[in-house]
There are 2 protein chains.
Amino acid sequence: MTAAILSERDIQFMLYELFDAEGLTARPRYADHSVDTFNAAINTAQHIASKYFVPIRKKVDEQQPTFDGEKISMIPEIKIAVDAAIQAGFVSSTANYEFGGMQLPLLVSAAANAYLCAAGSTTMGYLALTSANASLIEHHGTAEQVEKWVKPMRSGRFAGTMAMTESSAGSGLADLLTSAVPADDGSYRISGSKIFISGGDHDLNENIVHLVLARIKGAPAGVKGISLFIVPKILVNEDGSLGERNDVALAGLFHKMGGRGQTSTVLNFGENGGAVGYLLGEANRGLSYMFHMMNEARVMVGTIAACTALTGYQYSLDYARERFQGRLPSNNDPLSAPVSIIEHADVRRMLLAQKAYSEGAFALCLLGAQLADDRHTALSEDERAKADTLLDFLTPIIKSWPSEYGPKSNSLAIQVLGGHGYINEHPVEMFYRDNRLNPIHEGTTGIQSLDLLARKLPMNGQTGYLFCLAEIQKDIDAAMSTNLSGPAMQLSEAVSVLKSTTEFLLQAMMTKPIDLVLANSVSYLDMFGHVVIAWLWLRQGLVAQAAMAAKLHPSDMDFYQGKLQAMTYFMNFELPLIDVWSMRLTELDATFYDMKNNWF
Amino acid sequence: MTAAILSERDIQFMLYELFDAEGLTARPRYADHSVDTFNAAINTAQHIASKYFVPIRKKVDEQQPTFDGEKISMIPEIKIAVDAAIQAGFVSSTANYEFGGMQLPLLVSAAANAYLCAAGSTTMGYLALTSANASLIEHHGTAEQVEKWVKPMRSGRFAGTMAMTESSAGSGLADLLTSAVPADDGSYRISGSKIFISGGDHDLNENIVHLVLARIKGAPAGVKGISLFIVPKILVNEDGSLGERNDVALAGLFHKMGGRGQTSTVLNFGENGGAVGYLLGEANRGLSYMFHMMNEARVMVGTIAACTALTGYQYSLDYARERFQGRLPSNNDPLSAPVSIIEHADVRRMLLAQKAYSEGAFALCLLGAQLADDRHTALSEDERAKADTLLDFLTPIIKSWPSEYGPKSNSLAIQVLGGHGYINEHPVEMFYRDNRLNPIHEGTTGIQSLDLLARKLPMNGQTGYLFCLAEIQKDIDAAMSTNLSGPAMQLSEAVSVLKSTTEFLLQAMMTKPIDLVLANSVSYLDMFGHVVIAWLWLRQGLVAQAAMAAKLHPSDMDFYQGKLQAMTYFMNFELPLIDVWSMRLTELDATFYDMKNNWF
């Protein structure tokens, strides 16, 4: 087996043909960069992924970290891999030069990170969380806090976590109980217990910076009384050297179905009087700051889901080409040789669906990365504001669609391998287990659907929604005058359905019981997600079509044909599903709403 | 947590209200039985499941059997559990009294076994395979073979396996290479290697009876040259005592994602000159005999998938009732108490979908069991023949639908538990892993779809298909004059779509390239499966409706309301999907057919 981690050709297509990575070099922030430096970063990531991540992924999965009541042990290969990625700059690839970053565009960084995610999402998880934590403090912390905490995270000395969930407050953050009491020196003493803290303890770095949501004594109830604190594992002296151990104790590890390389911990704060914590920004505004990190984490979750799907697709594709078995239905001659299983139409179905899901999902994540770039670096204020709004609107879809369809894609990878897909000689069963976390963490699919329908859609006079439709319409218009008018028409009809459904729901949210209107919110998320992915497939089709017509890359004709075929799959087999969702939504179907506890 | 393994109320509903288990006692074979003896068997199974299976399921999953090159070790609890089930008669519950069986109807046995499957499908796997193996020899073996092999299997002394797959012949049985050479004493010497043999070696029983597909020297190529042999692990003397070790060697164990209690083995036959094997039935007819066992195994796979879904549903239902978190969208008061998560409509969606999938799938499996009874014990020859035809027709659906929707159901159970569903403190992640095998073994979903469309549908002038439609129509007609005319109409329209699609395909199979017509066979299986499950939901709705109208069980009103609501879910959210599948089929959509290897 010589399966690629990712398709190199597809990464190039995504960066330079579907999105305009090269155009970013015209922006002041990226002026030092060129296609060469972009590709160098991607090649480095690919090299580290191949050399350090892939060879250990089975061992990482089988020998998960253990906790003896005192400390965590994990196989040393994880530290070697993490260090290699840190040394190559992948904990701070997008950060400013002044923090030791590479100042790469997020779009390019996402493509480079894709190799690391695909090769070892849990190993990569340590870096990604650290980067997101540093980014939050960078934006909301004081200059002193940036100096003290961000710099060591960007250099890889410290790691970072996000400590939100409590055992009685998972999706319901309003009810969290961890408390903060002001101390004389201006810091706080934090007490409480947090669960499911990824990377909550380990020895991969000198120190760990926890970002902890807690309630200052006397703060209002609910989400309006939550503040955010920097709580280090080890206190840090004025000169940046490590001081005493803070009052943060590891209380246990969870044993997860997948993602087993990354510790998921129970952390107890303040068992001995209170952990020292430093307020970040203003009191009681913690949740809004945390959303800075959480939005980044949500895009990250979508990306990990997409990358796990991409690599499972590559693996099963390679297997299907090399495995010979059976004959076509038209061939009844038992003396003829068995064919490569890719010759069976149903195997091609499973591969094409994987291609459509995973490359569609990845395109969506890269769109998110591009928007995240644009909102800070686009040349006009207007473009920046628009990108910001659009990214905000699309975040629940970027988080959920890859998370829902990534595991489906990995399930098909297993099915292509048959019995061999179910055993640990091949990694596809691990991908399937790993990917199942993604619809859960950083806000479940249900939470995302409420965010989209009840919050993001009506927000600011539906600006995000309208921007999104306008972007889709541009590509439909462009396609109408080409050979792709057929799929453009399919998408156009789907957009009409989406529009009328949306108008109905906006009206209903103002006039009908809100619990009833929101009861089918997941159907709305499903529908919107499918329209967005169909749009990105139409766009990929347009690029492929234009390239083929211009005969710019004659050797790539096969590649572009594959793009067109995956687009056709999505338009024919997936997009029509939106009609069922729309029907239920516009009827205010009350099946779930009416169902009673006692009827189950 | 006090989650039920299965809903007792639902088992009673299925047996005595949806199906007529009581009516079976009028048949001579079951004349000694009564509702009391049926319920006693079910209670015994429930007791064993609770006492021996549930307490060990986590340990069974975590400490899978190991092989040191000499022998297999497994935790002793498995043998205790298997012995308890054997002693209670569950390896031979349907067998004749003369073989030590209980002579239970398959319908009742399926309901009893459901407890064992739900509580420990892999532990139960040892018994189920033994029973299916014994059943095959019973039907196709000589009196002497029955005496020698069946009796000890029925009493639990011996276990049985099915040895088909080879490393280069999984789904493509035509290419299997294991050979058989006649010996002077009328037996054969078997040589070859088999993989994925469930229960291929262990010390749970005194001996293991392998049923091995092999090719007699000089036999025709392909499936027409395959014979079936009885190949024991240990040779058996004339008097039934154990003799020498046969030339059958365990070569290795596979490490599976789930189902970890049941060994999956590589067996080498004839490394030292040839394993002694005894021809079963006639030479070169082995595959047709194996289908006796395989058809039983296919129904068994569907049943295991359904039971794993049922128990995951019960577990997540219990969790949803006991877990308090969040508030309804209509409630903005952070001082109000959090609600039980079952109050959230989206959690009810996930529970109701599980109910619809798992109880629909289980009803289908019980229908299969009833037909398997009827084909041997129905009072008229006509009814027996009809049941035989209908079961044969439905087998690919009974195998696949629960196998495809069972894992989806278990995925929803994980989602209900959120982060807690992803860790091994709760069994739902194990159910999800266990269930993923079912769309693979005993013929993948792709293989089943070809069996349905290319083989079962046109067979004997479409008799099976026509019987099936007629049965569905009966319930539609019955429902039309009740309050359920709405769902009856939904089903009726779906049947029309199914009919026109089927007629189109029957025509196309005769006039168009067969590889093209069969390229979307999975869509046909999907469509037919959904219609059949919708039918079984309409039937459950009819029973519930009638019971409510008659106020026969006033305390059960809630239960019946739940049945009606699950029916509504299936009719509104699932059944409409068939339109997409039908469209693709009747257009002979060539997306998969046209896709080229090089385009991926």
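Student: What share of the contacts in chain A with a separation of 6 or more comes from residues 24 or more positions apart?
Tutor: In this predicted model, such pairs account for 76% of those contacts. Two residues are in contact if their C-beta atoms, placed from the backbone, lie within 7 Å.

Student: How is everything numbered, and which residues count?
Tutor: Residues are numbered from 1 along each chain as its sequence is written, while chains are lettered from A and ligands numbered from 1 in the order in which they are written. Local features need pLDDT of at least 70, side-chain atom pairs count only at pLDDT 80 or more, and totals for chains, interfaces and linings use all residues.

Student: Now the interface: how many residues of chain A are in contact with chain B?
Tutor: 75 residues of chain A are in contact with 76 of chain B. Helix α16 (residues 557–574) of chain A gives the largest share of chain A's side, 8 residues. Helices (H or I, at least four residues) and strands (E, at least two) are DSSP runs, numbered from the N terminus.

Student: And what does α6(B) pack against?
Tutor: Its buried residues pack against elements of chain B including α5 (106–140) and β3 (158–163). B:Gly156, with a positive phi near 90°, follows α6(B).

Student: Which residues of that helix are buried?
Tutor: Among them are B:Trp149 and B:Met153. Buried means 20 or more other C-beta atoms within 10 Å of the residue's own, exposed 12 or fewer, and partly exposed in between, with C-beta atoms placed from the backbone.
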